[in-house]
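Take a look at the model below. We will go through it step by step.

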Amino acid sequence: MRSCRLVIAALLTGGLWGCLEVVRRPADRAAPAWSAPQAAGRDTLTAPVLPLKRQPAAKKSKTEGERSQPGIRQVNEYALWCVENGMWKEARLHLEQAASRDSQAASLHNNLGIVYEHLGLEEEATAAYRRAQALRPGQEAYRSNLQRLENRHRAPRDSLAPPPEAQDSTDQAHPALPTGE
Amino acid sequence: MQSNAKRSSALLGALALSWIGWATPLAAQDILTLQLQQGFGQNKVRYKDFKWIVMESEHLQIYHESEFAPLAERAVQYLEEGYGHISAVLRHELSSKPPIVIFKSHYEFEQTNIVQDFLPPGVAGFAEPLRYRMVIPFNGDLDDFRNVLVHELMHIFQYDVLYKGPIKRLSSNPLSSPPTWIMEGLAEYATQEMNTIDEMVLRDAVLTDALIPLKVMDAAWGTGNVFLGYKQSHSLMSYIAANYGPEKISRILRVWDSQNDTDKLLERLIDLDMDELDERWSAQLRKQYWPLLQTRDYVSELAHKIARRPEDQYQHYSNPRWSLSGDMLAVLSSDGVEEHVDIIRLDDGSLVERITTHMRAADYDMLTFGSGTVAWAPDGHTIAFVAKKGPRDAVLLWDLYDKRLKATLDFEELEVIESLDWAPDSRRLALVGSSNGQSDIYVIDVASRQLRQLTGTPQRDDYPSWSPDGTRIAFSAKQKGQFDIKVYDLETDRAQALISSPADDLWPLWLPEGNKLLFVSTRERINDLFVYHLEEQQEYRLTRTISGIMTPALSPDGKQLVLATYYRGRPELYRMDMPSWPEVKKRSSELAARVEDRSGPTATLPDSAALASTPPDSTALSPAGAVLDRAMALLDPQARSPHAVKLAEISQPLAAPGEAPPPAPEAPRAALPLAGDEPGQAPPAGEEADTTGAHNLPRHPYTPKLEFDGIALQMGYFGGFFSSIAQLSMSDLLGNHSLALSTDYVASQEIDNDFNFALSYTYYGKRPTYNMALFNWNQFFNDRQDRIFLYRGQWVRGIERSRQSGLLANISYPLDIYRRLDLSYTFVDEQSQLVWPVREAIEGFATHLFRAAYVHDSISYGLLGPTTGRRYFFSVGRTLALVEGDRSFSHLEGDYRHYLRLGRWSVLGLRASGVSSLGRDGLQYNLGGPAWFLPFYSGFNLNMGPLRGYRFTEFLGSRVLLLNTEVRVPFIRNITFGWPGTFAIPAVDGSFFMDIGTAWNEGDELDLWPLHNPHEPLVSGPSGEPQAQQLHGSVGFGLLVYFILPLNFEFAKQTDLRGNYSDYEFHFSFGKSF
């Protein structure tokens, strides 16, 4: 029931389609584009709109200062929750805050790239995808996100090109716009 | 304790009703089974063991704790001043010294035993007419404290004028009291000037044509907008005083004594009936308020309403705090049934996340509602809010990342916590804490849980706000009856006054650049937004609204503002763009010019000159308006002594038209270093000088002394029996000791006279409640063996007497507001004998019953039944057979009820209950019919209901299983009728229900499915032989009407849920649904 409600909410939130396109990928791909550790292996179409199941965090001793810092997984989950509820700006700020604290977390940069892309900030999105790929070169999802965005950049931008929101609602697996070049 | 009160009153109630049972001798009111009945109810927890001191002044007795003597001395000062003024105006001296009980906080006030009811946060104090007791908490604001004291003292004067002394009240007809609007209007009028919030509510009602008609105000009191009722009543008294002379006010109560009719009272007093007064008064208000529209804006013209969906009409949001991006708001929400911390969308107000779901049933008593009791940290993922836990508030930190409560910050030093504000580093929280009755600014270091007190003045400090660099905290500080804005420098530990005007300056907020403060000020007696530039030392008006502005919150980027206003009888949230600095200056000039255009150059005083003595917007008033305006000027605190009471002033002649206006307000004070802002420092000299010498008054420790609360006498005659019943109750002044005695002397020519009595003592002074009762109790019945005797030539049926005597001992220990343990011991010696026409012993036995129960009750109640939450109990009991013949059985009972909200007022109620009475002398329970709340039928005490569609007591057995499901939907809310007479019906619900249950005995075979077919004969009752018992079901519908008390009209059909139905059975019953 909850997932049904969320899916309907997501459908009503046009912007969410952008995220869905990003993560729509062949089932044999191991890693989702939205890089939360638990997302692997889920149905990639509905994955972004489902709440992630929380796994117990690995126990290790932390200092008081470290304890006050939220984990990457929690930030990614919260950002995903924001996206599910259509609050992309909120997701962006949380991911940016976390990325500034931990610049080596590839998943934060990848997810930040997705949010930037949805918000129409393609240069920032490209930089974020590149950073994610640089940190985790073997991660197929990061490479795929970057490649897709770069393909779009290479496409001729004529006057009929839809605005970013409209672009998000097109199927990236079957791009409506010519790739140009 | 509700449960104990219920138990002891149930016993006395049974005794009181003895003549009914005696007149219709059906069955015993069995005291043992009364003791087995487990009650629900939430607990009034007495966390504190109070040590009381009594101080006597010339006209009053003050009860206080020794460590709060200064507060009590302040109360004496206020009350003696108030007494003098009220006495002079009413020309009346109280017939006795009223006892006034002072609590240092509302949380301690809630523990009073003077009334056993719960006292919610909205109750500011009370006075009762029986013994003239006044019970008042201090809320941290001395002005509020004085107002409440004098308000309640006025009620004591009213009782004394009307009833000529405390004891006469018992014999007076309570229906002859003047209407509530007169009583409360007088008290409001006598004590406090309308503040800007009061005026906002009244003005909104005038401008939206929502004034409560005077004709129906009394009947509708309590069912609609109660706050508006108070303000209208206040305004009506002001109108009468201003237009017909203040002496009319003092005559109202005396005229009522001879009239007892509101229309006649008004005609004799001011030569108007209610309709005429209502018309003239409301016309006056319209003339006063409508012209404001010419120079003022609706908030909806400046901002966008946040919650605007139809389903939001009953949802109230308050205290908004922004999320990191501004996409969401954290708010306190209330729909009149539940209160929560919610996250809502900024764009449409829809709910995103409810943080506090299930909290009520968990570890916290309730959410603390108040300004700033929720705060969203700048880290974006921590929300702080305040909840009461045990005797005091705690700050709860909710982590949005983990979706869990990550910390509870609880400080013994702080009883009440309000006005949270996060530091920019998200590691410290500024707040207002009340400790020992004094409200000051504190800072908590969240990681180390260290508490640091910043201010220490006796008057209230409020609304702390961190500067963007985290080095300063702006706050509102009350001094000489008004709030100014100060800034506390955390590096130098000094506070400095920043904004000071003759109006209240509230809710300071730093703009991101750190050199400007946004704040609300009550200049022109309407709350509006201003910006103060710290470097220019200049302030600029940002709004000139008609409805006023409260609790503003600035978005993290400083570009938007969320604020609350009051429109169409309810607070609403709006979002407004924060203008750029040039726009602020431009808007301020435009707003000043707007007033200048409308009113001419005399009204062009700069806002900083504070137009407090100027009528709102200086709009032209009619001659009648001018009279009212002069009366309103008396309400202006600047035109009065800070401690004066209005009645004293209106007892002086009003200034004639054309007379010189009140003196000009003082100029704004310059920023000065403050005295008395250091923790523990004495208040500024002369601020609240004690003129009564209260500190020299004699005092002595409180000694409990029982006094009468009430006495009732009844006499009756039936069938040769004469019965005289006397009931009396006594308690000490603080209500810790309660004694109740009920006697029933039964006399007959043919049967020995009987003296029945029950003596009950309850001690409420500690956290556990102790109750003990002794009783001797006789009842008469027809001979159970149905023997016929020849008596004086006639065949008559024998009469049997059942005597029960013994004692009850109960202890109830509340674990918290929701949970408690009940323990009890019951000893009953029962002797039955045939007493007429021949004497013959029938049987005799004794019962020693030990019982324990665990009770959980976290439901919210509506008028017609529970609305949400759950309640359950488990009860076990065992008798002890000390000698042969003593009763022997074990008792097991469980009852679980869950209520789910299907809408604002729609409820799905689920219940599963079962009872088993095991052993040689197991009790027989009956099942069938509706759930009654009065013991009108035999076997009431052992009735497990409801099983509608069946006759009362249709099934009988030592074991009972019952399942109930009921959906209640609202039909009508708050309807007032004008004929016959004026009366209100606050609620009518419809219900649809399904009941399934059965009763059986040991050895019976229980057949759970299928249910019994209603077309087949019933197998019920104890037959001695094991039987196959089926479950019995019913479905039906009903109409639930709240008229004085809940009335239930229900129609039910028996069914086996497989298509077989009986005809409808109609039930009528009283009381709330299960």
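**Where the chains meet**

Between chain A and chain B, about 1600 Å² of area is buried, and carbon and sulfur atoms give 54% of it. Buried area is the accessible area (1.4 Å probe) that two parts lose on being put together, summed over both. The model is predicted: local features need pLDDT of at least 70, side-chain atom pairs count only at pLDDT 80 or more, and totals for chains, interfaces and linings use all residues. Residues are numbered from 1 along each chain as its sequence is written, chains are lettered from A and ligands numbered from 1 in the order in which they are written, and side-chain values use heavy atoms, with hydrogens and water left out.

In this interface, 16 residues of chain A are in contact (heavy atoms within 4.5 Å) with 20 residues of chain B. The rule finds one salt bridge across it. A salt bridge is a side-chain nitrogen of Lys or Arg within 4 Å of a carboxyl oxygen of Asp or Glu. Lys89(A) forms a salt bridge with Asp327(B), and their closest N and O atoms are 4.0 Å apart.

Now turn to the backbone of chain B. Most residues other than glycine have a negative phi, and most peptide bonds are trans. The bond from Trp836(B) to Pro837(B) is cis, with omega near 5°. The bond from Trp1009(B) to Pro1010(B) is also cis, with omega near 0°.
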